[in-house]
Amino acid sequence: MKDPCREPVWPALTLLLTTVTVTVMVTGMLLSTPVPTQAQAHAAAQPEALTSADYQRAEAFLTWNASSRVFRADVSPNWIDDTRFWYRTRVPGGFAFYQVNAANGDRARAFDHERLSASLSAAAGESYEALQLPFNSFEWVDEGRALRVQAAGDRWECNIADDRCSEVDSPSAGPSGVSSPDGRYTAFRRDHNLWVFDSETGEEFALTTDGEDRYGYAADSQGWRRTNQAILLWSPDSRRIATYRLDERGVEDMYLLRTAEPRAELEAWPYALVGDSIVPMLERVVLHVEDRRVVELDTPPDHQRTSSCCGLARGQQWADVEWSEDGDRLAFVSVSRDYRTVTLRVADPESGAVETILEESHPQFYETNIASGGLPNWRVLHDRGEVLWFSQRDGWGHLFRYDLNSGELLNRITGGDWNVLDILHVDASGGSLLFSAIGREAGVDPYHRNLYRVGFDGSGLQRLTAGPMDHDLSLSPTAEHFVARASTVDTPPVTSVRRTRDGSQIAVIEEADIAELESLGWSPPEPFTARARDGVTPIHGLLIRPSNFDPEKRYPIVNAIYPGPQTGSVGTRSFSVSRRGQAHALAELGFIVVLVDALGAPQRSKRVHAAYYGDMADNGLPDQISAMRELAARHDWIDLDRVGIYGHSGGGFATAAALLRHPDFFHVGVAGAGNHDNRGYTFYWGEKYHGPFEVDEDGTDSFENQALHLMAGRLEGRLLLSYGTMDSNVHPNMTLLLIDALIDANKDFDVIVMPNRGHGYANEPYSIRRTWDYFVEHLLGVDPPREYRIGG
């Protein structure tokens, strides 16, 4: 669901099984029985079959194909200092590197691509083209007279003046891990302990020695996510490390079987579920590098939580932890198991003493950032004795200022029916901050991001971005300048450099070119607004038509869904060549595809986000239905007698729920890797978004209303389920429970099993093609081309 990973493509298997009335065929695996299709009544108006040419036309709109026909759209600044940055962008023929002076807007190629490709080719014994260089990034060295790159498995330094490239020894980097701010140390995990590599001496030494299995230091073991990454935060002076000892002793195991020859291989790991009495707990520590001392913080063990969704880290940094600039104080936030209470504390890293500063609760769930993966929006200003704090206490996400010593509220900084998104820069000495926000500007998409400045006392609120656009933002290190990539879902991006002083434009550095993509017939999605189930609340979505759209015809409508509460169906409001579920490609086969951010999706009011708290199987489906009916009333070319829905992960859960809870509306669904009963998913997810696990007097638990296998008897339409056998995020058991219940209810349905895939198989060509086939056959009512190979 929440953290898809890429998996190797394994050969499909062939196996025939028979259970009750369901024939199971593993080709990756397909279960199928003949039943009348929803599209049969419309078959006369359709061609008898779609051809390979039809699928080829759709394939051209897959993300990796469509994006290759868009130029100068992507700009991700890599700041060299406060005025200079470089970026890499797609141009006809490949990719080019540019360097910009933000102070005056001067822009030029970062280096001579032709000369560098020639010199690097000669040195490496390879053949490189100027716009197809073998690296995505580089580092300036020798005061900008040379650059270093990684190519052909080696490290090279290329002198700009004499066009010579020479191989250089890699620095003694030691094991991979988290680097200290001064670059000297690298912290890494070994044998359940935290170690440090010193690049100056080449020494490796252990900072802890008592780590053990399931009771180790800095472990990234969160049930649904497991990596070898050490989770920690270095102090700014590189003298200390804030981390934890993770106690997973007694946490029950989850199991998977890897397909192998001659025997399957068992994998087991700790994975806490909803209602478990023993769950992972963090014991906070500070490790002192110089004297190799461990200081345990005098605070109770914390739940494995972050105050904003999802996971403990943001990049390589432990979230919800913050050092003072001098490294002498450590602030952190603790989150209760039910996510309803957050507590800010400050620790002395020398003694381990901890002081509670403030605490806040919400009756459903508390968040310090409304965006999935966002950095928690709190800052402790030790020199000022103040705290910047984020709260949705009035139903919207806003900033407040508190006294650090007393914990008393000083003043509200922002307010209104809109949301602060991210604190981007804090000017403690000047008493102001820069932040992004959504929904403040009237008459525009409420999800559009803009940049603002405001004083700590709430005065001087100023918008620094312009126009009814969504803005991707990158601030210079001292926030004197910013780069804004301005676009909408149907307007290609224009990227400019601006001043944070007043938002004035210094220069436009890129304007996207989509002409080559448009030559294929591609058109952007059409934004629309409809009403939610209550007939009042506006909800927003996108509609995608096929390139050969004919308003005189009637088209089946397919909903590409991700229901929240982590994110919504639409995703970014920036320009993008593709949308969730490869929606453009599916539409090209003869469908109207819609994506709707229903109630339950984030980045609106708290009321909207928590709309179905306590009933996760709701999934915002009544709002999806309301929006689709409203669209059909506007457009007589939408055929509500042929309605499909598909999604992966949370979208798979929503798809299956649509077929089971609303069989009178949804006729065909493709549900991948769904969390079909959140009692079998990670405890933090269900207990946050559904509520605490409780059992009433008659033995009914509070999660039964969302368990889809208990609704299996309601299936009427065509449902294709899929799962990966090595999905350690959303375990296959949840899909298998639903399969078993459907068999028990004597229902016809289909299943694809993806051997040795984890969670992120949705964009595998086989999975995409089978989704297309399913809707073509059962919603269009025609035959798909047999075994069409995407990319073949």
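Predicted model: local features only at pLDDT ≥ 70, side-chain atom pairs only at ≥ 80, totals over all residues.
The packing of two helices was examined next. Two packed helices are described by the angle between their axes and the distance between the axes. For helix α1 (residues 52–59) and helix α11 (residues 765–780), the angle is about 125 degrees and the axes are 12 Å apart. Because angles of 65 to 115 degrees count as roughly perpendicular and those over 145 as roughly antiparallel, α1 and α11 are therefore oblique to each other. The crossing in which α1 passes α11 is right-handed, and the residues that meet there are Y55, A58 and E59 from α1 and R769, W772, D773 and V776 from α11.

Backbone geometry was considered last. Most residues other than glycine have a negative phi, and most peptide bonds are trans. Against this background, the peptide bond that joins C309 and C310 is cis, with an omega of about 5 degrees, and C310 is found in the loop that runs between β25 (302–303) and β26 (313–314). A cis peptide bond also leads from G564 to P565, where omega is near 0 degrees; the place of P565 is in the loop between β46 (555–560) and α5 (583–587). As for phi, D163, a residue other than glycine, has a positive value near 60 degrees, and D163 is found in the loop between β10 (154–159) and β11 (164–167).

Technical notes: Residues numbered from 1 in each chain as written. Heavy atoms only, no water. Axes fitted to C-alpha atoms, helices over the stretch in contact; angles between N-to-C directions. Helix = DSSP H or I, 4+ residues; strand = E, 2+ residues; numbered from the N terminus. Parallel < 35°, antiparallel > 145°, perpendicular 65-115°, else oblique. Left-handed = near helix turned anticlockwise from the far one by under 90°. Contact = heavy atoms within 4.5 Å.
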